[in-house]
Each structure stands twice: as structure tokens, then as C-alpha cells.
Amino acid sequence: MKTFEELIRELKSSDPAIRDKAALDLMDIGNDNAVPPLIEAIRNPDNVDYRGTLVYSLSAYNCVDHLVYLVDLCLSGNFEVSSNAFNITEDIEPTQTTTSKIKVQLEKHNLDNLPYEHSLEAYKALSQLL
């Protein structure tokens, strides 16, 4: 297996297969220091069509600090990204703070302008978490 540092470098690869393998290997390692580089890879505009596995790999970590971003991914990502982000969001312990963050994020989205057909279903599912 590659070192943690090598895997982090591979998250920046232009090859989606290399990035995905690195993300899954990082998931197996379970080092919380992988979260910021994974988020960076997900946010990279060059990866917009190849983020599903990157988002999925976050499920190995406590992502409560990234809840707002995950809610946004639920509503704006393709189906794979949206469902992976929702699964992570759903597993976050519902507290007053987390539910408030979800509510605020939901209020920012116009239901008439959601990008995908599944986005409305994600919106409804997130609303049920409240």
C-alpha cells in the first residue's frame, strides 16, 4: 500500500481512476487528516464530473464540520454525489446546531431552480431530517 502522503498527492491527479483509488485507500487508512484534501479534490472544478467516489470516501470520517457543504452537494450534485452526500449527512448526529445548519442551507436554495430532477427529492429528504 502507498503511504498517506503519496495517496494525498494522487488526489490531485488528472486521472479519475487514480484519484478514486487514492480516495478509497485513504478511506481504508481512516486518517482524519485526509478530509481537507478530499474536500479540496471534490471542490476542484476539473473534477466536477468525477466526484462520486471522492464524496463516498468521506463516509469513513466525521464530517460534521463540513455539513453545510454536504447539504449543498446533496442539492447540486449529480445523482451519485447527491446520494453519497445525503448518506453522510443522514449519519451525522442530529443536534440543534446541525439541524439549524441544514435548515439555513435549505433556505438558500430556490426549489424552482434545482439543477437535477433528483435534487427536489434530496431537498425533501433533507427536510425530513429536521
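Q: Which residues does His-118 touch, not counting residues up to four places away in sequence?
A: In this predicted model, His-118 touches Gly-77, Asn-78, Phe-79 and Ser-82. The place of His-118 itself is in helix 8.

Q: Why is His-118 called buried?
A: A residue counts as buried when its relative accessible area is under 20%. His-118 has a relative accessibility of 16%, and therefore it counts as buried.

Q: What makes helix 6 roughly parallel to helix 8?
A: Two packed helices are described by the angle between their axes and the distance between the axes. Helix 6 (residues 79-91) and helix 8 (residues 117-129) pack at an angle of about 5°, and their axes are 11 Å apart. Angles under 35 degrees count as roughly parallel, so helix 6 is described as roughly parallel to helix 8.

Q: Which residues of helix 6 and helix 8 meet?
A: From helix 6, the residues are Phe-79, Ser-82, Phe-86, Thr-89 and Glu-90. From helix 8, they are His-118, Ala-122, Ala-125, Leu-126 and Leu-129. By class, the residues of this contact divide into six nonpolar, three polar and one charged.

Q: Which residues form the contact of helix 5 with helix 7?
A: Leu-67, Val-68, Val-71, Asp-72 and Leu-75 in helix 5 meet Thr-98, Lys-101, Ile-102, Gln-105 and Leu-106 in helix 7. This contact has six nonpolar, two polar and two charged residues.

Q: Why is Phe-4 called buried?
A: Phe-4 lies in helix 1. The relative accessible area of Phe-4 is 18%. Buried means under 20%, so Phe-4 is buried.

Q: What does Phe-4 touch, not counting residues up to four places away in sequence?
A: Phe-4 touches Leu-26, Asn-31, Asn-33 and Ala-34. Phe-4 and Ala-34 are 30 residues apart in sequence, and their C-alpha atoms are 8.3 Å apart in space.

Q: Which residues of helix 3 are buried, and what do they pack against?
A: In helix 3 (residues 35-43), the buried residues are Val-35, Pro-37, Leu-38, Ile-39, Ala-41 and Ile-42. They pack against helix 1 (4-10), helix 2 (16-29), helix 4 (52-57) and helix 5.

Q: How many helices and strands does the protein chain have?
A: The secondary structure of the protein chain comes to eight helices and zero strands. Along the sequence, the pattern reads α-α-α-α-α-α-α-α.

Q: How do you know that the radius of gyration of the protein chain agrees with that of a compact globule?
A: With 130 residues, a compact globule would have a radius of gyration near 14 Å. The protein chain has 15 Å, and this value therefore agrees with the rule. Along the principal axes, the C-alpha atoms fill a box of roughly 45 × 30 × 15 Å.

Q: What part of the protein chain counts as buried?
A: Of the 130 residues, 43% count as buried. Among contacts with a separation of 6 or more, residues 24 or more positions apart account for 64%.

How values were computed: Residues numbered from 1 in each chain as written. Predicted model: local features only at pLDDT ≥ 70, side-chain atom pairs only at ≥ 80, totals over all residues. Heavy atoms only, no water. Axes fitted to C-alpha atoms, helices over the stretch in contact; angles between N-to-C directions. Helix = DSSP H or I, 4+ residues; strand = E, 2+ residues; numbered from the N terminus. Parallel < 35°, antiparallel > 145°, perpendicular 65-115°, else oblique. Contact = heavy atoms within 4.5 Å. Nonpolar A, V, L, I, M, F, W, Y, C, P; charged D, E, K, R; others polar. Rg over C-alpha atoms; globule rule 2.2 N^0.38 Å. Buried < 20%, exposed > 50% of the residue type's maximum accessible area, 1.4 Å probe, protein only.
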